Amino acid sequence: MRSFGCPRCRAAVSFEALTCPVCGARLGYHPPDAQFYVVQDKVADVGGIAWSECGNRSWGCNWLVDPVTGRSTCAAATFVRKRPEASDPVGLDKLADTMQWLRRLLYQLQHLGLPMQTYRQKDGALAFDLLSSITSGQPVTIGHANGVIQIDLAESLDDQRERLRIRLGEPYRTMLGHLRHEVGHYYQSILVEQPGGARLEQCRDLFGDERTSYSDEIARHYKFGAPQDWRESYISEYATMHPWEDFAECFAHYLHISDTMETAAASGMMLSTQRINDYAGPAISPRFDYSAEPFETVLSDWDWLQTFFNRINRSMGKKDLYPFEINDVVARKLAFIHQVVASAQSPVQQPA
Ligand SMILES: [Zn+2]
Ligand SMILES: [Zn+2]
C-alpha cells in the first residue's frame, strides 16, 4: 500500500486515520484519488465537489461518500450484504474491526485493476456477509459461493482466532488473510473458470482438476491431514485439500506479497543485498508496480524483503513475518496468478 500524508501539515497518516496525529485535522479518505482530504462540517472539498463523511464513521470508517451515489455510506459499505443487527453492539464492534481489513482489501483490488462489481450491480458479483457466530449463536462458516463471501466476525477476537490457528496447525491466521483467500475463490470463478478457455487448462495443469468432489476431499483432509511431502508442491497444508483451495491459498499469498512489497517501496525502503548476506550484490529497490515485470523479478525482490522482515520480527521477539517457503512448484502457481491478475487489469478502476 502507498504512504499517505495529511493534506494540511504533510505528516504521515495511516490508511485507517480519522484525524491527523500531528495537526489534529479531521480527515477523510477519497478512494478514487487514494488520498486524504480535510473534512469540515462533515464534508470534504474534492476539486469543488462536496464529498461527505461515511455514515459508518462513528465506528471507524474514514472513507468519503461520492455525492452522485445519493447514498449515506461509502463504496466499501456497498459490498456488504449482511451484517449484525443494530441491536447487537458487540457484533457491530467486531464489524468495525473487520471493515478496516475489508477496506484494505478493496484498496488493493482497485489498485491491481481487478474487476470490482458488487452484487447490487450484477448477479453473482462480489458480496460480503459479515456475521458473528458468537453474538448470533449460529455457526458461521467462512467461505465463498457464487460471489458471496461469508466471514465469521468472531475471528476478529484474538483468542478465538489464535485458538483455531493452533488447533489447525497453521503458521499464520488473520482476518485480512481470510479476505484475501476467499476473494481468490471469487476471482478464480470469474477470471479462470471460463469453459473451454486455455487458461482453465493451464490452471488444471498447475493446481489439479477442480471437478474433483469437494465434499470427498474435505472429508479426506480432516481425517488424514495433508500428505507428508506437502511442502514439495504446496504453500500450505490447507492448500492440499482441493484444487480450489490451492488456488485460493496462492491467490492470498500473491496479495500478501504484492501489498507488502508496495508498502516497502512506498516507505522508501532500499535493500543492500550485501548487508543481508555476506556476499556482494547490488542494492535493490522494491517497485511500486510489478504488473509488467516477469514473475522471477517479483520473487527475487520478495526473497530479499521477506528475509529482512523475518529478521526484524525476530529482533522484536516475534516469529517470522512470512513463515512460508516458496519452492519452484509454488512459484509457477504464483506466476500463473500474476498473469491472471495482469490480464484482468482494466484502465478505469473505481469501487462502485
Ligand atoms: Zn496534519
Ligand atoms: Zn464507509
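A residue is called buried here when its relative accessible area is under 20%, exposed when it is over 50%, and partly exposed in between, with a 1.4 Å probe and protein chains only. This is a predicted model, in which local features need pLDDT of at least 70 and side-chain atom pairs count only at pLDDT 80 or more, while totals for chains, interfaces and linings use all residues. Residues are numbered from 1 along each chain as its sequence is written, chains are lettered from A and ligands numbered from 1 in the order in which they are written, and side-chain values use heavy atoms, leaving out hydrogens and water.

Let's begin with the metals. A donor is an N, O or S atom within 2.8 Å of the metal (3.2 Å for Na, K and Ca), and since water is not among the atoms, sites may look incomplete. Helices (H or I, at least four residues) and strands (E, at least two) are DSSP runs, numbered from the N terminus. Cys-9 counts as partly exposed because its relative accessibility is 30%, and Cys-23 is also partly exposed at 30%.

The zinc ion (ligand 2) is coordinated by Cys-54 (SG), Cys-61 (SG) and Cys-74 (SG), at 2.1 to 2.3 Å. Its donor residues are spaced C-x6-C-x12-C in sequence. Cys-54 and Cys-61 are buried, and for Cys-61 the relative accessibility is 3%.

What about disulfides, meaning pairs of cysteine sulfur atoms within 2.5 Å? The structure holds 0 of them. Cys-203, for instance, is in no disulfide, and the nearest cysteine sulfur, that of Cys-250, is 9.8 Å away. Cys-203 is buried, with a relative accessibility of 3%.

Next comes a sheet. Two strands pair if DSSP finds at least two bridges between them. An open sheet of 5 strands runs in the order β3-β4-β5-β6-β7, with antiparallel pairing. Its edge strands are β3 (27-30) and β7 (64-65), each of which pairs on one side only. β3 is joined to the antiparallel strand β4 (residues 35-40) by 4 bridges, and Gly-28 stands opposite Tyr-37 in β4. These two strands form a hairpin with 4 residues between them, and in the turn Ala-34 has a positive phi of about 50 degrees. Further into the order, β5 (residues 43-46) and β6 (residues 49-53) pair in the antiparallel sense over 4 bridges, with Trp-51 in β6 as the bridge partner of Ala-44.

Which way do the side chains of a regular strand point? They alternate between the two faces of the sheet. In β3, Leu-27 and Tyr-29 point one way and Gly-28 and His-30 the other, and all are buried.

Phe-79 lies in the loop between β7 and β8 (80-82) and is buried, at 0% relative accessibility. Its C-alpha atom is 5.9 Å from that of Phe-128, although the two are 49 residues apart along the chain.

Ser-156 is found in the loop between β11 (148-152) and α3 (158-167), and it is buried with a relative accessible area of 10%. Its side chain reaches the backbone oxygen of Leu-153 at 2.7 Å. Leaving aside residues up to four places away in sequence, Ser-156 touches Lys-94, Asp-97, Thr-98, Arg-161 and Met-175, where contact means heavy atoms within 4.5 Å.

Asn-327 lies in the loop between α9 (295-315) and α10 (328-344). Why does Asn-327 count as buried? It does so because its relative accessibility is 19%. A polar atom of the Asn-327 side chain lies 2.5 Å from the backbone oxygen of Arg-231.

Conventions. Polar contact = N/O pair within 3.5 Å; in protein donor to acceptor, adjacent residues only side chain to side chain. Disulfide = S-S within 2.5 Å.
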